[in-house]
Amino acid sequence: MGAGHAHRLYRHGHSPVHGLPPHTKLAAVFAFVLVVVSTPREAMWTFGLYALLLACVAYAARVPAGFVLKRLLIEVPFVAFAVLMPFVAQGERVDVLGLSLSVNGLWGAWNVLAKGTLGVAASVLLASTTELRELLLGLQRLRLPPLLVQIASFMIRYGDVIADEMRRMKIARESRGFEARGVRSWGVLAKSAGALFIRSYERGERVHLAMVSRGYTGSMPVIDEVTASRAQWSYAFALPCAALVVCLLGWTL
Amino acid sequence: MTSPSPVPPRPAPSLEVAGLAFAYPDGHQALFGVDFSVGRGERVALLGPNGAGKTTLVLHLNGILTGGAGTVTVAGLPVGKKHMAEIRRKVGIVFQDPDDQLFMPSVREDVAFGPASAGLKGPELEARVRTALERVGMEAFADRPPHHLSFGQRRRVAVATVLAMEPEILVLDEPSSNLDPASRRELADILRSLDVTVLMVTHDLPYALELCPRALILSEGVIAADGRTGELLSDDELMREHRLELPFGFDPRSVTMGA
Amino acid sequence: MHVPDGFINAPVSVAAGVVAATAVAVSLRGARRELDERTAPLAGLVAAFIFAVQMLNFPVAAGTSGHLLGGALAAILVGPFTGVLCVSVVLLMQGILFADGGLTALGVNITVMAVVTTVVAYAVFRGLVKLLPRKRRSITVSAFVAAVISVPAAAVAFTLIYAVGGTTDVPIGQVFTAMVGVHVLIGIGEAAITALTVGSVIAVRPDLVYGARGLTTPLKLRVNGELVDTPAAGPAPAPVAARSHRKVWLAGLATSLVLAGFVSFYASANPDGLEKVASDKGIDSKVEDHAAADSPLADYGVEGLTDSRISGGLAGVIGVSVTIVAGTGVFWAVRRRRTPETSPSQTSSARLGKSL
């Protein structure tokens, strides 16, 4: 994956959602997911409303539905897990099509599926409307420790470079007739991983030299400062606020 | 060619290295008393076989390595703890692998890194970045991530990152490595157009001859020869002695240089 | 093991977030101390490495393949602090960019996958390195054991979190058995690859293996043609200090190993028995009554407790021992700092980062 792959997650565009400052979007998505998670699972209709809200955002961002749906595939492992729940959970059981299922398990499966899917969809919308470096600036603005942002930024910058090195090593292995098959190939693969680590670490040292040569003394100079107006904040928070209303209705109704 | 004659007179030298010796913590000694000076505006090639201590020498120029014997002086300032920030601004090192040098998410931020570390802000910083990118012809790529550029373009941006600091002396480590002939020529044109002192560390002897009127040969940790590049390259015995080889069919005597 | 949104309830997610933030804050300081101004580029590159290695698929058998989680590897290669940072950053980016692991579950994910694996692996690794003879093979063996324990330890930590804040009342005993069972298998693969990788690094650049620092053979002097040890002068203080902890390490390690072994044996041998006990004693019917009460929070808490009191208790014992090991590791690392400890929180670490 790395930066190149991550770049493909982003859909270039000039929609109002693309134009929002990154930290407002990050905060809004986080608040939205938090609201969704705290909704009672019995209020099934609220989740439909949440999905509708996200659909509105996707429409405003001009992100096609197919794109979001394809990216939702990431949660397949959890769908599998959720499907198991009705069989293993305890409590009162009902018969559905001749299968004895736990009511609680069904609720649990629904809970994980609904909330997980909404969370993934919200993240997908965020990643597809915000550029990588904007995301980093947003994280910095949200008071994530600067060192952590720096590490993340280096990881993204060099993710591609290192993935490339890994690919070249794989090609070199395969050109010499190596085929990864079964446990016996682990030694060779681990040697590659070791070599990759040494290369990564040494590159880290060289990058550090290059930084020091240009006056780095431990903190990153502030080059871009992102700011958000009150209007932008309120625009971004339209989503979680609407969700909060739905959530409160879900609790009271 | 417009470069000044390397002989006299030199005002305050951009770089002066005297009696520099250095051993790594593991005991391996790389430099054994290096002496040379580079005048303002000169373009000098530093030639030498692998393991001659070229990289070690380069890392001394901006004080990344210190602690051995001897002194390095940049435009009259001794390299040492006291003036480190000033020295790092004055000595611009372009490292061999542009991927090591371009560590920021976008070209613009990368070029801005040096001047911003020195405290520049706002429109002044923007102007500095724009000028530096214009000097290497990369202004159209400012908002691109570095890893989406070609190798030659990355090398040019790497030069810009250093130019943005308005250095006294530009130190290039193997600037022509991995470049295709066209990128190589473009880089040569850029380097020729700059009015800064250049110290170019290289194996690429024709490139050194093309760009640098003067050359130094570093061998076994000392300066073994110092003179006009053309003359040094034509001295077969000297070249053989220091494991320097010209490419097949290349005759430095047949090349007419302006210098 | 990336936990999605909605899997763990909100209060526990928030609590895990606080734990994760604290651990990251402590690690930021620790890494700063170990790597000083090189922290950002080195940790960033190692994070990129972990990211890449997680994509490296290892064929297992019959067409299936696994991939490395990398916590143990990071801890051994770059130390626990930098390791926690690297894996946390990888998880953060996976959560935000790839929607892999929920945003609200980020705290849970970091606690389980970055903190528990890394700290457990490092504690076990250091303990073993101190006990085994000072040889390269010992490093490889320690790396194997550390990795093999770290993965099920993460599974145990997950089970604990699930026991407290899981949103479905799957009996904890079953969750425990399934999670630990599966992860023991994953752990074996992880351990083999980790050990081999560490072995290959140590063969080429032993100085880069953080966990093997201080393992250099003592300098020899050639006196009258014979090699003799140098008189103890330079590196003496460290081994002396280390030796005094040796017994503590030994005892702690033995206890936790016995505990882990005994408990997982018991748990895996008799899971159904435990459930049977629960239903025989009519705990189930009581649970139904509680479930009728409509508060979702009370619901899970009570059921989780009564349903599987015994197996939950066992999970608790393991969890406690894991926490002790982790806590000792953190304490031991933090104590080595001479500066007085202030409460590590998100804001203080932010201030720290800025001031440095």
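Which residues in helix 9 of chain A meet which residues in helix 4 of chain C? The legends below take up this contact first and then turn to other close-up views of the predicted model.

**Figure 1. Contact of helix 9 of chain A with helix 4 of chain C.** In this predicted model, local features need pLDDT of at least 70 and side-chain atom pairs count only at pLDDT 80 or more, whereas totals for chains, interfaces and linings use all residues. Residues are numbered from 1 along each chain as its sequence is written, while chains are lettered from A and ligands numbered from 1 in the order in which they are written. A:L148, A:I151, A:A152, A:M155 and A:I156 on helix 9 of chain A meet C:L85, C:V89, C:L92 and C:M93 on helix 4 of chain C, a contact being two residues whose C-beta atoms, placed from the backbone, lie within 7 Å. Helices (H or I, at least four residues) and strands (E, at least two) are DSSP runs, numbered from the N terminus. By class, this contact has nine nonpolar, no polar and no charged residues, where Ala, Val, Leu, Ile, Met, Phe, Trp, Tyr, Cys and Pro count as nonpolar, Asp, Glu, Lys and Arg as charged, and the others, Gly among them, as polar. The axes of helix 9 of chain A and helix 4 (residues 80–98) of chain C come within 10 Å and cross at roughly 70 degrees; axes are lines fitted to C-alpha atoms, for helices over the stretch in contact, and angles run from 0 to 180 degrees between N-to-C directions. The two helices, helix 9 of chain A and helix 4 of chain C, are therefore roughly perpendicular to each other, given that angles under 35 degrees count as roughly parallel, over 145 as roughly antiparallel, 65 to 115 as roughly perpendicular and the rest as oblique.

**Figure 2. The side of chain A that touches chain C.** Here 79 residues of chain A are in contact with 67 residues of chain C. On chain A, the elements giving two or more residues to this side are helix 1 (2–9), helix 3 (22–37), helix 6 (76–88), helix 7 (103–129), helix 9 (146–175) and helix 10 (186–213). Helix 10 of chain A provides the largest share, 17 residues, and by class the side of chain A that touches chain C has 47 nonpolar, 24 polar and eight charged residues.

**Figure 3. The contact between chain B and chain A.** Chain B gives 25 residues to this contact and chain A gives 24 residues. On the chain B side, helix 2 (84–90), helix 3 (98–101) and helix 4 (107–117) each supply at least two residues, and the largest share, six residues, comes from helix 4 of chain B. The residues of the side of chain B that touches chain A divide into twelve nonpolar, seven polar and six charged.

Figure 4. A:R143 is partly exposed, with 14 other C-beta atoms within 10 Å; a residue is buried if 20 or more other C-beta atoms lie within 10 Å of its own, exposed if 12 or fewer, and partly exposed in between, with C-beta atoms placed from the backbone. B:E166 is partly exposed, with 16 other C-beta atoms within 10 Å.

Figure 5. Not counting residues up to four places away in sequence, B:L59 touches B:I64 and B:L65.

**Figure 6. Confidence along chain C.** The mean pLDDT of chain C is 68, and 56% of its residues reach 70 or more, pLDDT being the predictor's confidence in each residue, from 0 to 100. Among the elements of chain C, helix 12 (residues 296–307) has the lowest mean pLDDT (31) and helix 5 (residues 106–131) the highest (91). Over residues 232–245 of chain C pLDDT stays under 50, and the model has two contacts beyond four places in sequence for them. Where pLDDT is low, the predicted coordinates should not be read in detail.
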